[in-house]
Amino acid sequence: MAALATAEACDTNTALLGSGDLRVLPPIFQIYGQCRAFSGPIVTLKVFEDNVLVRQLLETRGEGRVLVIDGGGSMRCALVGGNLGQLAQNMGWAGIVVNGCIRDVDEINGCDIGVRALASHPVKSSKKGIGEKHIPINIAGTLIREGEWLYADSDGILISTSELSL
C-alpha cells in the first residue's frame with residue numbers, strides 16, 4: 001500500500017480538517033517498529049493497565065487494520081511488548097497506536113509493523129481481561145471510532161471518517 005503523507009493530506013484536505021472529518025492527534029507519540037508510515041481501518045479498544053483484550057484482538061486476522069488502544073495514558077506499565085508486536089506482524093496488522101506504554105522496544109523495532117506509544121516502560125500489565133472492544137474512544141481530546149481510517153508517518157497521526165485518496 002502506498003503511503004499517504006500526513007502533511008500533504010492536511011494541505012489538500014483543509015475542508016475535512018475544518019469539518020472535523022479529518023482530525024490530527026496531538027504530537028505526543030513516540031515512533032516504534034520498522035514501518036515509519038502506515039495506515040488502515042481502525043479497530044478500537046479501551047483498557048487500563050490490562051492487556052488480555054489486546055492479545056485477543058491481535059490474535060485475529062489484521063487484514064491491514066490498525067489497532068488503536070486507549071490505555072488511559074497510563075505510564076505505570078506496558079500494554080504491548082515484543083511478543084504482541086510479533087503477533088501483530090504475523091497476523092497482518094498494519095500498526096498499533098497505544099495511548100499508554102510499550103516494552104521490549106528492541107524487539108518491537110524489529111517488527112515489520114508501525115507502532116506509536118507515549119513511552120516505554122519495563123513493567124508488564126495485569127491480566128484480568130477487563131476492557132471494552134469496538135467502542136468510540138477518546139485519546140488526548142480526539143474522538144476515534146471503529147472503522148474510521150488512521151494514517152501515520154514521521155510527521156504525525158491523522159484520523160479520517162473515510163479512506164483518503166492519494
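The backbone nitrogen of Asp112 lies 2.6 Å from a polar atom of the side chain of Gln89, a polar contact being a pair of N or O atoms within 3.5 Å in which, within protein, one atom must be able to donate a hydrogen and the other to accept it, with residues adjacent in sequence counted only if both atoms are side-chain atoms. The model is a predicted one, in which local features need pLDDT of at least 70 and side-chain atom pairs count only at pLDDT 80 or more, while totals for chains, interfaces and linings use all residues. Residues are numbered from 1 along each chain as its sequence is written, and side-chain values use heavy atoms, with hydrogens and water left out.

Gln89 is found in helix H4; helices (H or I, at least four residues) and strands (E, at least two) are DSSP runs numbered from the N terminus. With a relative accessible area of 27%, Gln89 is partly exposed, where buried means under 20% relative accessible area, exposed over 50%, and partly exposed in between (1.4 Å probe, protein chains only). Apart from residues up to four places away in sequence, Gln89 touches Gly110, Cys111, Asp112 and Ile113, contact meaning heavy atoms within 4.5 Å. Between the C-alpha atoms of Gln89 and Ile108, which are 19 residues apart in sequence, the separation is 9.8 Å. Just after H4, Gly92 takes a positive phi of about 85 degrees.

The overall dimensions were considered next. The secondary structure of the protein comprises 5 helices and 12 strands. For 166 residues, a compact globule would have a radius of gyration near 15 Å, and the value of 15 Å for the protein agrees with this; the radius is taken over C-alpha atoms, and the globule rule is 2.2 Å times the number of residues to the power 0.38. Along the principal axes, the C-alpha atoms fill a box of roughly 45 × 30 × 25 Å. Of the 166 residues, 48% count as buried. Among contacts between residues at least 6 apart in sequence, 75% join residues at least 24 apart. The accessible surface comes to about 7600 Å², of which 50% belongs to carbon and sulfur atoms; such areas come from the Shrake-Rupley method with a 1.4 Å probe, and for residues only the protein chains shown count as cover.

A nonpolar core is a set of buried Ala, Val, Leu, Ile, Met, Phe, Trp, Tyr and Cys residues joined through side-chain atoms within 4.5 Å. The largest such core has 24 residues, of which Leu58, Leu67, Ile69 and Val80 touch the most other members. Two or more residues are given to this core by each of strand E3 (38–46), helix H3 (52–58), strand E4 (66–70), strand E5 (78–80), helix H4 (82–90), strand E6 (95–102) and strand E7 (114–120). The largest share, 4 residues, comes from H3. Apart from this core lies another, of 16 residues, including Phe38, Ala94, Ile139 and Ile157. Beyond its neighbours within four places in sequence, Ile69 is in contact with Leu45, Val47, Val54, Leu79, Val80, Ile96, Val97, Val98, Asn99 and Ile139.

Two loop residues are joined by a polar contact. Ser74 lies in the loop between E4 and E5, and Glu49 in the loop between E3 and H3. The side chains of Ser74 and Glu49 make a polar contact of 2.7 Å. Ser74 is buried, with a relative accessible area of 8%, and Glu49 is buried at 15%. Leaving aside neighbours within four places in sequence, Ser74 is in contact with Phe48, Glu49, Asn99, Gly100 and Cys101. Although Glu49 is not a glycine, it has a positive phi of about 55 degrees. A positive phi, near 50 degrees, is also found in Ala140, a residue other than glycine. Ala140 is located in the loop between strand E9 (137–139) and strand E10 (142–144) and counts as partly exposed at 44% relative accessibility.

The structure holds 1 aromatic pair. Trp149 and Tyr151 form this pair, which is stacked, with 6.1 Å from centre to centre and 20 degrees between the planes. Rings of Phe, Tyr and Trp (its six-membered ring) pair if their centres lie within 6.5 Å; planes under 30 degrees apart count as stacked, over 60 as edge-to-face and the rest as tilted. Trp149 counts as buried at 14% relative accessibility, as does Tyr151 at 3%.
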